[in-house]
Amino acid sequence: MTREKRDEDLFQDSTMTFGEHLEELRTCLWRAILGVVIGFLIGIPASKYVVNWIQVPLRNALVDFRARQADDKVQSRLDELVKDGYRTDIAAEASRRQLAPKEMLISPTELTRKMGIDLGNQTAPKSTGKGENSTEGDELVPITLWQPIVGAENTLPTTLSMHEAFAVYIKAALLVGLVLASPWVFYQIWAFVAAGLYPHEKKYIHVFLPISLGLFAAGVATVFLFVFQPVLDFLFMFNSMLKIDPDPRIEYWLSFVLILPLGFGISFQLPLVMLFLERIGMFTVQAYLSSWRVAVLVIFVIAMFLTPADPTSMILMAAPLTVLYFGGILMCLFMPRSRSPYDDLDETAT
């Protein structure tokens with residue numbers, strides 16, 4: 001009789017039917033969507049600054065690429081000047097100051113006319129033939145101009161359609177909305193999880209929520225601080241190797257910015273998931289330790305799907321996740337699972 005009363009006390013307020021689970025899921029989803037919408041409306045005025053900020057890694061990578069490209073051109077030009085017997089100190093100084101050479105063709109007669117210089121009876125040399133480098137007998141002379149690499153037009157993302165800039169602006173507002181609403185969204189996720197837990201398990205939600213937000217923020221920060229630059233340098237390396245001039249579009253870059261931090265933020269929840277599963281008794285610390293080789297293999301496979309098709313981003317995700325896996329084991333060791341009320345039932349049944 002005592003056993004039946006104990007069962008009733010433990011289970012009467014903690015179980016949910018399948019339909020109740022669906023209703024709870026619907027409620028949590030609508031609350032999360034409402035939070036994102038509010039964050040989106042708040043983020044619209046800040047979109048301009050966000051778009052400029054998220055372009056920084058791409059601009060830096062483009063500047064580095066153009067600098068290496070300019071060094072190759074400068075070295076080639078230096079070799080030509082040395083061969084022709086000219087001084088090379090000006091070109092060397094240009095290379096040192098990160099100036100990019102730009103070749104142009106000018107007409108001496110047209111240039112002197114616009115400068116107001118009267119050549120008198122002197123005439124420009126006649127071209128020997130009519131070609132693409134000549135016009136009306138006035139031979140075009142090649143000159144080299146030097147322009148700063150930073151801020152040059154070929155170091156900025158581009159758009160290919162009239163509406164693309166507007167679409168980027170809206171996506172940036174959505175990004176701000178997701179960031180602002182992320183604590184509320186995470187709360188709704190954990191609230192849905194808690195609805196299906198027993199009373200002694202629900203207390204973990206209050207501990208896991210702030211840790212979950214911290215891990216998500218750490219994953220996003222890792223992308224912006226340590227991942228974007230190496231990944232872009234790796235990808236641009238193939239442009240240099242294949243002699244292909246990159247012209248990245250801002251819309252593609254924004255999609256990249258949205259996907260990669262999201263993948264890192266979600267994957268960084270690994271220690272928390274491990275601790276939660278250990279708390280509810282699905283896994284033990286011994287199981288985690290004995291299966292670490294399989295876990296590392298699974299981590300690399302998951303990183304392959306959550307990152308773009310390049311090995312650099314995959315390794316940069318898998319390496320911290322491997323560390324976080326063993327961090328999750330340490331969390332389970334230093335935060336051992338307390339005795340569950342169902343242990344008493346098991347002992348009584350035995």
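Biologist: Is the crossing of α10 and α13 left-handed or right-handed?

Modeller: This is a predicted model, and in it helix α10 covers residues 270-279. α10 and α13 pack with their axes 8 Å apart, at an angle of about 35°. Their crossing is right-handed.

Biologist: How do the residues of the contact of α10 with α13 divide into nonpolar, polar and charged?

Modeller: On the α10 side the contact is made by L270, P271, M274, L275 and E278. On the α13 side L321, L324, Y325, G328, I329, M331 and C332 take part. The division is 10 nonpolar, one polar and one charged.

Biologist: Which residue just after α10 takes a positive phi?

Modeller: α10 ends at residue 279. Just after the helix, phi is about 85° at one residue, and that residue is G281.

Biologist: Is α9 roughly parallel or roughly antiparallel to α13?

Modeller: Helix α9, residues 250-267, packs with α13 at an angle of about 20°, the axes being 11 Å apart. Angles under 35 degrees count as roughly parallel, so α9 against α13 is roughly parallel.

Biologist: Does T322 count as buried or exposed?

Modeller: T322 is found in helix α13, residues 311-334. Leaving out residues up to four places away in sequence, T322 touches V296, I299 and F300. Its relative accessibility is 17%, and because the cut-off is under 20%, T322 counts as buried.

Biologist: How many disulfides does the count come to?

Modeller: A disulfide is a covalent bond between the sulfur atoms of two cysteines. Among the cysteines, C28 is buried with a relative accessible area of 5%, and C332 is buried at 3% relative accessibility. For a disulfide, a pair of cysteine sulfur atoms must lie within 2.5 Å. By this rule the count is zero.

Conventions:
Residues are numbered from 1 along each chain as its sequence is written. This is a predicted model: local features need pLDDT of at least 70, side-chain atom pairs count only at pLDDT 80 or more; totals for chains, interfaces and linings use all residues. Side-chain values use heavy atoms; hydrogens and water are left out. Helices (H or I, at least four residues) and strands (E, at least two) are DSSP runs, numbered from the N terminus. Buried means under 20% relative accessible area, exposed over 50%, partly exposed in between (1.4 Å probe, protein chains only). Contact means heavy atoms within 4.5 Å. Axes are lines fitted to C-alpha atoms, for helices over the stretch in contact, and angles run from 0 to 180 degrees between N-to-C directions. A crossing is left-handed if the near helix is turned anticlockwise from the far one by less than a right angle, and right-handed if clockwise. Ala, Val, Leu, Ile, Met, Phe, Trp, Tyr, Cys and Pro count as nonpolar, Asp, Glu, Lys and Arg as charged, and the others, Gly among them, as polar. Angles under 35 degrees count as roughly parallel, over 145 as roughly antiparallel, 65 to 115 as roughly perpendicular and the rest as oblique.
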